[in-house]
Amino acid sequence: MELQALTAISPVDGRYRKTTESLDIYFSEYGLIKYRVLVEIEYFIALAQFGLPQLPAMNDSQKESLRAIYKNFSIADALKVKETEKTTNHDVKAVEYFIKEKLEGLKLSAYSEFVHFGLTSQDINNTSIPRSLKDASLNVLFPAIKEIIEKITSFSKDWKDISLLARTHGQPASPTKLGKEFYVFVERLNIQLAQLTQIPFSAKFGGATGNFNAHQVAYPKQDWITFGNNFVNTTLGLNRSQFTTQIEHYDNIGAYFDALKRINTILIDFSRDVWTYVSMDYFKQKLKAGEVGSSAMPHKVNPIDFENAEGNLGIANALLEHLAVKLPVSRLQRDLTDSTVLRNIGVPLAHSLISYSSILKGLNKLILNESALKQDLDNNWAVVAEAIQTILRREGYPKPYEALKDLTRTNTHITQASLQEFIKGLNVSDQIKAELKNITPHNYTGINPKF
């Protein structure tokens with residue numbers, strides 16, 4: 001069958017195609033080839049500016065003509081590279097031949113042997129892939145995470161004064177504020193996103209075993225380390241690793257995947273909490289004409305967006321875990337296991353993006369059902385026992401914890417009336433009794449920093 005959304009094996013390219021297609025230009029086969037062409041072209045230009053006697057410096061017009069090769073890189077161009085690969089059986093060599101052919105049209109074929117000069121394929125792969133990951137992160141992944149943070153922040157501020165019955169171990173506990181409970185996730189996500197964005201996009205660039213052997217033997221008087229640093233750090237906007245084997249050691253890309261995994265784990269936690277609040281009727285969900293919640297039960301409006309997010313975040317994290325622990329491990333100066341694994345880095349990012357989209361969709365459906373929160377608080381007066389016994393401790397009342405335990409740790413439902421009756425019988429001043437009677441599940445919510 002012809003490959004299309006309906007025939008794709010992976011839902012990333014099938015069912016969720018519209019959500020993930022923004023990652024095409026970074027992680028598809030076409031995207032990888034285009035980034036390889038970018039690196040080869042920029043390397044060729046950098047060599048020309050480096051003062052090699054056999055490769056004169058280029059004027060601005062020549063540079064722009066060369067850069068147009070990757071800026072205007074088309075599907076037809078990628079197919080041409082793939083056709084060449086059928087003969088070479090080497091994907092990077094096919095890119096080299098493609099560029100050399102382009103040089104003929106630019107009347108630069110006399111310098112074609114400086115395309116891929118002194119390099120091994122990993123000098124191209126280990127710069128192309130981190131560059132594509134950096135671009136995808138800055139243009140797609142990071143903005144999507146920030147959008148979720150902004151949405152949760154907005155809810156936190158809207159609901160900062162809404163009292164909520166907390167539940168620890170699933171049981172009623174000291175009340176809190178709904179806005180604060182949402183802001184817990186804002187703080188967590190901001191901290192982890194800050195850590196993620198500080199991880200360098202590292203790259204290997206130094207020849208067959210990382211020592212510029214071929215460069216040095218051809219031009220022993222040139223400072224190739226400075227050249228490599230300038231090319232990778234300044235031209236490509238990456239961070240060149242100084243000591244490598246044939247491949248990048250991938251420690252920082254492993255750190256990136258671990259950091260993204262932590263963000264996804266926080267969002268799993270968040271999705272489960274919101275799902276639970278919906279199940280408790282704290283939130284209603286906006287209805288859409290024509291939608292069906294269940295094939296059998298017409299009344300149902302299921303929190304499917306948070307379920308979808310949780311499932312896809314789980315898949316993403318499983319793959320991110322493998323990438324993080326596999327990539328930094330390679331036999332001696334290199335084996336090939338990193339090559340096939342690296343081709344999959346777009347997959348967990350796509351599943352992450354599906355999840356982020358689902359979370360935003362789910363959040364935009366939420367309608368606060370404040371009456372349900374109030375009712376829950378009214379049904380759980382026992383939670384103010386902590387407040388009462390703490391004040392009694394302050395006043396030196398004998399064994400206040402035990403007194404409240406005897407009252408509340410029974411199968412008898414504690415009501416406002418029974419609690420008031422208990423307070424009435426305490427051997428304390430009328431002033432303290434008045435103070436205790438003013439405490440309710442609605443106002444016993446503590447304090448928090450401003451947000």
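**Entry 1. Model**

I am working from a predicted model. I keep that in mind for every value below.

**Entry 2. Largest pocket**

I started with open space. The largest pocket comes out at about 830 Å³. I counted 29 residues in its lining. Nearest the centre of this pocket I find Asp13, Asp24, Phe27, Ser28 and Glu29. H2 gives the most, with four residues. By class, I note 17 nonpolar, seven polar and five charged residues in the lining of the largest pocket.

**Entry 3. Second largest pocket**

Next I looked up the second largest pocket, at about 590 Å³. Its lining has 20 residues. Pro172, Ala382, Val383, Ala385 and Thr408 are the closest to its centre. Which elements supply at least two residues of this lining? I noted strand S2 (171-177), helix H16 (385-394) and helix H17 (400-408).

I turned from pockets to cavities. How many cavities of 30 Å³ or more are there? I get one. The largest cavity holds about 120 Å³ of space. Its lining takes in 14 residues, and the closest to the centre are Pro130, Leu133, Phe201, Ser202 and Ile253. H7 and helix H11 (251-279) are the elements that give two or more residues to this lining. H7 gives the most here, with four residues. I recorded 10 nonpolar residues, three polar and one charged around the largest cavity.

**Entry 4. H12 against H14**

Helix H12 (residues 304-326) packs on H14 at an angle of about 155 degrees. The two axes are 8 Å apart. Parallel or antiparallel, then? The angle makes H12 roughly antiparallel to H14, because angles over 145 degrees count that way. The crossing is left-handed.

I listed the residues that meet. From H12 they are Asp305, Phe306, Asn308, Ala309, Asn312, Leu313, Ile315, Ala316, Leu319, Leu320 and Leu323. From H14 they are Val347, Pro348, His351, Ser352, Ile354, Ser355, Tyr356, Ser358, Ile359, Lys361, Gly362 and Leu363. By class, the contact of H12 with H14 has 14 nonpolar, seven polar and two charged residues.

**Entry 5. H3 against H5**

I looked up its packing with helix H5 (residues 75-88). The axes come within 10 Å and cross at roughly 85 degrees. That makes H3 roughly perpendicular to H5, because 65 to 115 degrees is the range for that class.

Which residues make the contact? H3 brings Glu29, Tyr30 and Ile33. H5 brings Ile75, Ala78, Val81 and Lys82. I find five nonpolar, no polar and two charged residues in the contact of H3 with H5. I also see that Glu29, on the H3 side of this contact, is among the residues nearest the centre of the largest pocket.

How values were computed. Residues are numbered from 1 along each chain as its sequence is written. This is a predicted model: local features need pLDDT of at least 70, side-chain atom pairs count only at pLDDT 80 or more; totals for chains, interfaces and linings use all residues. Side-chain values use heavy atoms; hydrogens and water are left out. On a 1 Å grid over the protein atoms alone, a cavity is a set of points where a 1.4 Å probe fits but cannot get out, and a pocket is an open set with protein on both sides within 12 Å along at least five of seven lines; lining residues have an atom within 4 Å of a point. Grid points are joined across faces, edges and corners, and a volume is the space filled by probe spheres set on the points. Ala, Val, Leu, Ile, Met, Phe, Trp, Tyr, Cys and Pro count as nonpolar, Asp, Glu, Lys and Arg as charged, and the others, Gly among them, as polar. Axes are lines fitted to C-alpha atoms, for helices over the stretch in contact, and angles run from 0 to 180 degrees between N-to-C directions. Angles under 35 degrees count as roughly parallel, over 145 as roughly antiparallel, 65 to 115 as roughly perpendicular and the rest as oblique. A crossing is left-handed if the near helix is turned anticlockwise from the far one by less than a right angle, and right-handed if clockwise. Contact means heavy atoms within 4.5 Å.
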